[in-house]
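Thanks for making the time this morning. I would like to walk through a few local details of one model, so please have a look at it with me.

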Amino acid sequence: MIERATMARLGHPWRFAAPALAGIYAAAIALAPKPAVAFALAAPLAAVPFAYWAILKRDRWLTLFFVAALLLPPLPLGLGNSGPHPSLIFVALGLLAGVFNLGEWRAPDAPLNRAFGIFFLILAGSAAEAMLYSGAAVGLGSLMRVLLFGISVYVFFYAAHGPGSREPQDAFAQTRALYWVAVASALFACVDFYFQFPAPAGFGAQFIWLRSGVYRRAQGLFYEASTLGNFCAFFLAMIAAALLSPREQAPVSRRGLLLGGMVFATALVLSYSRGSLVNALVAIAVLIYLNRPRIRLGRLFLVLAGAALAGGLALRALLASSTAVFAGAYWMRVSTSVEYLFSETEGLLSGRVASWRAVLGFLALHPWHALFGVGYKTLPYSDYLGRTVITDNMYLSLLAETGIVGLGAMVWLSLQILRSARRAAGSPDPQRRFFGSWMFAFWAGQMVQMFTGDLLTYWRVLPLYFWVLAVAVRHEHSVS
């Protein structure tokens, strides 16, 4: 019996393949001629257990991805506009987590899910048009930007209908941790503006010329200042939603909300983004409207007083520092934008109107391109229109790059986001109600800000927005 068992084991030599390969690999590390080579060979061995740890708990990679996206700069390598970002490593781990748990995907045939899928497929298809009209290099860049947007789509499905929705978790606890990570990111942006640190990698050339000097707009660890402003508007909407909720149904304490509000308000001002300010104001107005049946004057006063206190303290901190001239210039910029919105539109929109005219003129001369476009995210990198054009308008950009088909799909997606978030805002479950209200209000402001920015290209913060949406709609169909 013993001999037969031994022979049976020896009859399957592949059983010894893994130990043999491990031994050979260890020997190669030991015999490496230089320490640097040995370290390079040993790095994958350390990466394997880390990867296993990251995907062992199904939503752990998501937390790591958000922390890396908000707190780490891009790598100083000559790839893309700003260099590859370390957070992409955790996206790869997230894909592995999805593959290893294929049996846990349950995506119902819901309008929101269809809207996400159709819009992503339209963007992917437009990359072929980018290669056709603008060449392989621009077309490859278009495909890469489609895939970056795809990260947000994947995060939504993973957290709403995939393995991430099956993990026992407290969404408020996750939000509390991410909130303080976001505060740290915004705080660094404020410090970065004050000291004007050298940009950690490639960045958008956005400067302010004042009598006291030339200043780079606050961008923190993001590629451009507009991303920082949009990110701050998102969390200011969260703070307003939390202040309008019962104290026990908010993820962060009142003191923490006011402290974070001061940081986000300051960073928003230093980003010099007027569109993000409008976004935040629209979101707060929508939240007040949503809560009008049960809102108390005292709570409304608390929200408005908190916003005024945060803004006042932020402004006082600015005026007490060397950025006083900048703070005054920003508020003058906002006030003149309101005063001369219709009489001096061209100057107030920082040259956007000229770009819009160029795009609309091209479409008027080539109306067939208005059907399917010239390729997603090609206008700033291709001279197919005669010159490169930065539209800073998500609607017009999609019309020119993906045609009426793509623009219609994006509008449909946005309406489905509002519809799903609004339904969650009326849920009896406190968590769903909070996340639904937050997302509904913010996305209403987001749709307004899209007139002055290509917000769907902010791939480092967009996954966080769609994670909040996923938490709001999670288990909706199983509950109903």
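Ser276 is buried, with a relative accessible area of 0%, where buried means under 20%, exposed over 50% and partly exposed in between, computed with a 1.4 Å probe on protein chains only. Please keep in mind that this is a predicted model, in which local features need pLDDT of at least 70 and side-chain atom pairs count only at pLDDT 80 or more, while totals for chains, interfaces and linings use all residues. Residues are numbered from 1 along each chain as its sequence is written, and side-chain values use heavy atoms, with hydrogens and water left out.

Ser276 lies in helix H11, residues 274–290, helices being DSSP runs of H or I with at least four residues, numbered from the N terminus. Leaving aside neighbours within four places in sequence, Ser276 is in contact, meaning heavy atoms within 4.5 Å, with Ser226, Gly229, Asn230, Ala233, Leu268 and Gln449. The side chains of Ser276 and Ser273 are joined by a polar contact of 2.9 Å, that is, a pair of N or O atoms within 3.5 Å, of which, within protein, one must be able to donate a hydrogen and the other to accept it, and residues adjacent in sequence count only if both atoms are side-chain atoms.

Turning to another helix, Gly408 is found in H17, residues 394–425, and is partly exposed, with a relative accessible area of 37%. The C-alpha atoms of Gly408 and Leu398, which are ten residues apart along the chain, are separated by 9.1 Å.

Note on methods
Helix = DSSP H or I, 4+ residues; strand = E, 2+ residues; numbered from the N terminus.
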